[in-house]
Amino acid sequence: MRVYLDNSATTRLDDEVLKEMIPYFSDVYGNASSLHAFGREALAAVDKSRETIASLLGANPNEIYFTSGGTESDNWALKGAAQAYGKYGKHIITTAIEHPAMMETCHKLEKDGFDVTYIGVNSDGLVDPEEIKKAVRDDTILVSVMFANNEMGAIQPIGEIGRFCRKEGILFHTDAVQAAGTIKINVKELNIDMLSLSAHKFHGPKGMGLLYLRNGVKIEKLIAGGHQERGNRAGTTNTPGIVGMAKALEIAVRDMEKNNEHMRKLRDYFIDRVEKEIPYCHLNGGREHRLVNNANFSFDYIEGESILMVLDLNGIAVSSGSACSSGSLEPSHVILATGASMEQAHSSIRFSLGKETTKEEIDYTIETLKAAVEKLRSWSPLFKQTEGESHYV
Ligand code: PLP
C-alpha cells in the first residue's frame, strides 16, 4: 500500500487543474506580453485567472501579483516593504515559528540594519496578539504573522492582529501558504496589506504563487527586468501556471466544506487512536485552532527520522520537521518554540492528510506506526533503562 501523508509539503496536481492547464502549454503558447493575437489570447486567460483569484480572496484584480511561489512572495513582501518604508523606521515584528522563507529573509534584514522582534508562542503554538501590541515601537514599520503554521498547523488570530495593525497604521503581511485551500480568506475583512500564497499547496502547479498587495501599499520590486505584472515583477508570464493556480483555488473554495469535514474526521480519528494506542507520545500543538489536515506527534525515545524511514519502507510518506529543513540535523525551531524539549523537537513527525486520504490508509498507517515505534524502542537502551517514566535520562 502507498500512502501519501505529506500534503503540507506538496499536493498532487488535481486532474481538473491539469486539464485546464494543458492547452496553455501547446495551443495557446503565445507570450502574454506580445501584442499579436497569440499573445492576446494568452493575456485573456491570465486576466480571467487574475479576476477569479481576486474574487476568491476578496481582493481587486490589480492587487494580485503573480510570483514563482511562497518563498518569492515572502522575500518580496519583506524586503520590498523594508526598502520602501525603511526611511520611516527600522523595526519589524514577526513570530518565532515562521517558515524558513520568512526567517532567512528576516536574518538578512537584520544584517542590513533592521531590528526584528520574534514573538513567541504558547504550548498550543499560538501567538498572543497582546504580545504583538506590546512589542510595537515608534519605529515599527511592519508586522508579519503566518496564517497557519506548516509544522503543527496552528491557526493564528490573523483577524485581531490585522485590525490592530490597520488601526495603528502599521503594514501587515501574512504568509498564508498553508492556510489557503482549507481556510476561506478574505483580505479586506481581515485587514491584510500583503499576503503570500503558493499554488502547489492546494493541488495547483509547483513554481507558481502570488503576492496580494493592497492598493495604496507601495513596495520596492524584488525582481527587475521587463514590465510584466504592471512593472512590479519581471519575468515572462507563466500562463499555464496562472491558469492552473486559479482553477486550483476555485476548486479548493468550491469543495472546501466537504473536504474539510472529510479530513477533520480522519485527522481526529488518527489523533485519538495514536494517543490511545501508542504510549509516550505527544501531540505537538493544540487541538483547537489547528489545520484540519494536520497531526504532529513526538514519540519519546525515538528520532523522528528513524520513524520516517520505517514508514517510508512500508510505503507511507510523512515529514520530520518541515520539509524545507529536512536534511538538516537541527531540531525543529517551531516545536522548540512551544516549550518542548530538544528530544521532543528531534522526534517530531508531521502527518498531513489530503482530500484523497482514506480511512483504510489511516488504519494502515496506525498499525505500521505502532509496530515501528515498538520495534525502534526495543532497540533503544535509553527506553529500557527508563521504561515507565515518560522522559529522557
Ligand atoms: N511558507 C510556508 C508556510 C510554507 O509552508 C512554504 C512551503 O513549505 C513556503 C512558505 C514556501 O512556499 P514555496 O514552496 O511555494 O516556495
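Predicted model: local features only at pLDDT ≥ 70, side-chain atom pairs only at ≥ 80, totals over all residues.
The briefing below covers the chain as a whole, then a four-stranded sheet with its packed helices, and finally the surroundings of Thr 140.

**Overall architecture**

- The secondary structure of the protein chain consists of 15 helices and 13 strands.
- The chain is as compact as a globular protein of its length, because its radius of gyration of 22 Å is close to the 21 Å that the globule rule gives for 393 residues.
- Along the principal axes, the C-alpha atoms fill a box of roughly 70 × 55 × 35 Å.
- Of the 393 residues in the protein chain, 56% are buried.
- When contacts between residues at least 6 apart in sequence are considered, 74% of them join residues at least 24 apart.

**The sheet E9-E10-E13-E12**

- Four strands make up an open sheet, with antiparallel pairing and the order E9-E10-E13-E12.
- Strand E9 (281-283) and strand E12 (319-320) are the edge strands, each of them pairing on one side only.
- Strand E10 (residues 294-299) and strand E13 (residues 348-352) run antiparallel and are joined by five bridges.
- Within this pairing, Ala 295 stands opposite Phe 351 in E13.

**Helices packed on the sheet**

- Helix H10 (residues 256-277) packs on the sheet and touches E9, E10 and E13; the direction of H10 makes about 15° with that of E10.
- Helix H11 (residues 304-313) also packs on the sheet, where its contacts are with E10, E12 and E13; the direction of H11 makes about 40° with that of E13.

- Thr 140 belongs to strand E5, which spans residues 140-144.
- With a relative accessible area of 8%, Thr 140 falls under the 20% cut-off and therefore counts as buried.
- The side chain of Thr 140 forms a polar contact of 2.7 Å with the side chain of His 91.
- A polar atom of the Thr 140 side chain also lies 2.7 Å from the backbone nitrogen of Arg 137.
- Apart from neighbours within four places in sequence, the residues in contact with Thr 140 are His 91, Ile 93, Ala 135 and Ile 170.

Methods:
Residues numbered from 1 in each chain as written. Heavy atoms only, no water. Pairing = 2+ DSSP bridges. Helix = DSSP H or I, 4+ residues; strand = E, 2+ residues; numbered from the N terminus. Contact = heavy atoms within 4.5 Å. Axes fitted to C-alpha atoms, helices over the stretch in contact; angles between N-to-C directions. Buried < 20%, exposed > 50% of the residue type's maximum accessible area, 1.4 Å probe, protein only. Polar contact = N/O pair within 3.5 Å; in protein donor to acceptor, adjacent residues only side chain to side chain. Rg over C-alpha atoms; globule rule 2.2 N^0.38 Å.
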